[in-house]
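Biologist: Let's go through this structure by question and answer. Please keep it brisk.

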Amino acid sequence: MIWIVWRQQRTLFITLAVGLVLGVAGVLALRAMMTADFTGAGLGGCLRDVAQSGGVCGADPNGAVQVTWTARMRNGQLLMLALPALVGVFIGAPLYAREFEQGTHALAFTQSVSRTRWMATKFLVTAVPAFAAVLVMQLAVGSWIEAAGSIGPLQNGRFVQAVFDNDGVSPAAYTLFAFTLGTFAGALFRRTLLGMTLTLGVFVVVRSLVFSFRESLGATKRVVSDDPFAKSAPDGAWELNGGYLNAKGEVITNRLEISGKCIGNDPTQADPQAIEKCFRENGVVKSFRDVIPADALGSLHLAEASIFLALSVLFVAGTVWAVRRQT
Amino acid sequence: MLAEALGKKYSRGWALRECSLEIPAGRVVALVGPNGAGKTTLMGMIAGLVRPTTGRIEVFGDTPNGRGMPSSVSYLTQQKPLYPQFTVTETLRFGKNTNAGWDQAYAEELVAQARVPLSAKVGTLSGGQRTRVALAVALGKRPRLLMLDEPLADLDPLAREVVLQTLVTECRNQGITVLLSSHVLAELEGVCDHLVLLSAGRVQLAGYVPELLKGHIVLTGPLETPCPARPESIIDAQTVNGARIVHAVAHPVPPQHGWQVHQPRLGQLTLAYMRSGGSTEVAA
């Protein structure tokens, strides 16, 4: 059975391998070019000492070199964001739909091998190379982004959507979700084009939906600062909420009212010390930030991935049903 | 193969209704009926691809289901599906890998008989060659029941002859039960020994061919004298070249001037039943 699926998907596997080699070579070449450019622009120190640079770095942190490469890395991240969807649409959805559409399922179903085994072999033999390709691309793009250090996309921490989504187990989870969704949609409707369209649509909707409540999947921590006007150092945490506390430690709810009163209509004319004094007179004692701390990154990845894993299990069960269903 | 009160309803209506029949092992069965009579639906249900809406079906004592096909049954659908990008050798390897009782030597011999080049891609073969490869896959499985849906539909007359002869010889030699469907009985006349005639989703006529022929008569006579057969026994009457030809269920017919009684030919009898279009339901 393994040989049959390999033979059927031979063109796909060759395409995948060629695409992967070109993709990895391209990303590694870009990475080397970028490192050279940064060194040439005098930004080398930032790359070597990421932790101490604190986001402000080199002679000209907002220089043209940095802007150019940030845009290029952004494209790399977008490619990675699209990969799971591409796997679902172009590999998952046609996996069974094409057989049903061309009538070749009747060939497979009329041999003595069971439908479930046929389905499972097709699924696994196709999924493994697709996953390998996504993971290798994740490593390649990841190493590129890491090479830019804190003057690249990582400067705002690893909770930023474009970084988080391409980090840890997330790409694998999205790919599994997209692939199983594709196979299910294809097996259910038995139409390649319909399966592909549905896969893309449902993938985008579910990904956006889960992203919209991602912050509620992690355990938040309240960080209180005794000086309400001190600027907090970046600690890689994901700040969800922030504000001022009164002497009793309660959150000040009429914050806008206070700032309106203290700052006035023209912020540029205001004196910072007078504003601070005015704030304190209105009961502001401390400031707080509600964050998902940096060390909770891994568990947030796992929490989100488990949602996609659960959906994938449902889709696999649905595919088994759809394949074994008699019309 | 046994079917009881089998029915299948699609959203557009019933494809098969109240179909009860029994096919004894070792026969070459012709499943005949006009387009849309329910031939493919019946075969799909025997193969387990289609779920019956009503009734039950049994093949060698098992009920077909959606899990997989029993190794004793081979089914070649009308489209003769094969992977077009596979070569003939690879197609046979597909058969070997998906069937426990696969007979590689036999399958190769069937392909060699058809003079199909082994290294050719299936997609590049002619209709006749494709059919021969598909038959090799179906027979290489060494089934006890072989079902072929319109196996000759896209073949030229010579290829039909060759394929049919190969098929019947192989099956007779090995005692395989064959179920062949066609909307043209003429193709199968002479090779089948059992007939199932479907019309508008119902079994109109079914039985062992010699018994069917014995159970019917054909009367020919002039237009001006009335037909001597009993009216309720008449299946169909037509006028050809100024003479009446009447098909009827066999019964003693009083002699009448100008009328002759013969044993019908299978093709004509089937056509007579098809023309009568289900108004008479007779099972012999």
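Biologist: Leaving aside neighbours within four places in sequence, which residues are in contact with Met147(B)?
Modeller: This is a predicted model. Met147(B) is among the residues with the most contacts inside the largest nonpolar core. Leaving aside neighbours within four places in sequence, its partners are Met43(B), Ile46(B), Ala47(B), Val73(B), Ser74(B), Tyr75(B), Leu76(B) and Leu179(B).

Biologist: How many residues does the second, separate core have?
Modeller: The largest nonpolar core has 105 residues. The second core is separate and includes Phe38(A), Trp69(A), Met73(A) and Val163(A). Its count is 19 residues.

Biologist: Which element supplies the largest share of the lining of the largest pocket?
Modeller: About 800 Å³ of space lies in this pocket. Chain A supplies at least two lining residues from each of helix 5 (64-102) and helix 6 (105-109). The largest share, four residues, comes from helix 1 of chain B.

Biologist: How many residues of the lining of the largest pocket are charged?
Modeller: The lining has 34 residues, and Thr327(A) is one of those nearest the centre. By class, 11 are nonpolar and 14 are polar. The charged residues number nine.

Biologist: Is Pro234(A) buried or exposed?
Modeller: Pro234(A) sits in the loop between strand 1 (221-225) and strand 2 (238-245) of chain A. Its relative accessibility is 69%. The cut-off is over 50%, so Pro234(A) counts as exposed.

Conventions:
Residues are numbered from 1 along each chain as its sequence is written. Chains are lettered from A and ligands numbered from 1 in the order in which they are written. This is a predicted model: local features need pLDDT of at least 70, side-chain atom pairs count only at pLDDT 80 or more; totals for chains, interfaces and linings use all residues. Side-chain values use heavy atoms; hydrogens and water are left out. A nonpolar core is a set of buried Ala, Val, Leu, Ile, Met, Phe, Trp, Tyr and Cys residues joined through side-chain atoms within 4.5 Å. Buried means under 20% relative accessible area, exposed over 50%, partly exposed in between (1.4 Å probe, protein chains only). Contact means heavy atoms within 4.5 Å. On a 1 Å grid over the protein atoms alone, a cavity is a set of points where a 1.4 Å probe fits but cannot get out, and a pocket is an open set with protein on both sides within 12 Å along at least five of seven lines; lining residues have an atom within 4 Å of a point. Grid points are joined across faces, edges and corners, and a volume is the space filled by probe spheres set on the points. Ala, Val, Leu, Ile, Met, Phe, Trp, Tyr, Cys and Pro count as nonpolar, Asp, Glu, Lys and Arg as charged, and the others, Gly among them, as polar.
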